Amino acid sequence: MKTTTHPIAVAIDGPSGAGKSTVAKILAKELQFIYVDTGALYRAVGYTALKQGVSIYDAAAVEAMLPSLTVSLGYENGEQRVYVNGDDVTAFIRTPEVSEAASAVSAVPSVRQFLFELQQNMAKTSSVIMDGRDIGTVVLPDAQVKIFLTASVEVRAKRRFDELIEKGMDVTYEDVLSDMIQRDKRDSERATAPLKPAEDAVLVDTSDNTLEEAVARMRALVEEKLV
């Protein structure tokens, strides 16, 4: 791959359960880029709302919580860690309840603005692979590489179900599928930064791909853009 003197940005968008974070982590490690999981930032805000008893569906209440909130990212042994007011909350933000909260608070314009500068600043100083739902369309519209990663909702639900079961959580596939369908609807229909591919994004459907195949395909896309 071509050596560059300026930071390179790779934007990966897509629906919940598409495998964005898994693929992006591996790709970032292979390319020696910094991985930025923007979904974790929204999860941190949602988690804090739940912890403080703030209604995640009350935009004014969520907005009122923000001035007392500091969200930041750190890295330990190459793994991203998420901090809220200095406390590491990484281990607490992957539950179905927090997923629901993250989706709800991400529809609040002030929350998106609150996290916007943090995301953009990281891309100004380092080569990044950033995943989320509006990276290529809103956060990094000038990213050199834009990928929209997706899979059928049934495949995505099965992947998420297996992941939660592996973590010892008591969930059913039917509930995970229902939650994912609702989240897809909410993310794609929200007024602020709805989930959609950027006009210049490459669509990658991993419904029939293994993890290794998905990573290889996306790495080829990155290298093709940068050589």
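The exposed residues Glu 174 and Glu 189 are carried on the face of α8 that is turned away from its buried side; exposed denotes a relative accessible area over 50%, buried one under 20%, and partly exposed the range in between (1.4 Å probe, protein chains only). The structure is a predicted model, in which local features need pLDDT of at least 70 and side-chain atom pairs count only at pLDDT 80 or more, while totals for chains, interfaces and linings use all residues. Residues are numbered from 1 along each chain as its sequence is written, and side-chain values use heavy atoms, with hydrogens and water left out.

The buried residues of α8 are Val 176, Leu 177, Met 180, Arg 183, Asp 184 and Asp 187. They cover an arc of only 130° around the axis and therefore lie on the same side of α8, the arc being that of the directions from the helix axis to the C-beta atoms. These buried residues pack against α2, α4 and α7 (153-166). The 17 residues of α8 should span 24 Å at 1.5 Å a residue, in agreement with the 24 Å between its end C-alpha atoms; the expected span is 1.5 Å times one less than the number of residues. Helices (H or I, at least four residues) and strands (E, at least two) are DSSP runs, numbered from the N terminus.

Asp 184 belongs to helix α8 (residues 173-189) and is buried, at a relative accessible area of 16%. Apart from neighbours within four places in sequence, Asp 184 contacts Pro 15, Ser 16, Val 153 and Arg 156, contact meaning heavy atoms within 4.5 Å.

Helix α2 (residues 38-52) and helix α4 (residues 96-105) pack with their axes 7 Å apart, at an angle of about 105°. Axes are lines fitted to C-alpha atoms, for helices over the stretch in contact, and angles run from 0 to 180 degrees between N-to-C directions. The two helices, α2 and α4, are therefore roughly perpendicular to each other, a class covering 65 to 115 degrees, with under 35 roughly parallel, over 145 roughly antiparallel and the rest oblique.

Most residues other than glycine have a negative phi. Gln 32 has a positive phi near 60°; this residue lies in the loop between α1 (20-31) and β2 (34-37) and is exposed, with a relative accessible area of 72%. Ala 193 likewise has a positive phi, of about 45°. Ala 193 is located in the loop between α8 and β8 (202-205) and counts as buried at 14% relative accessibility.
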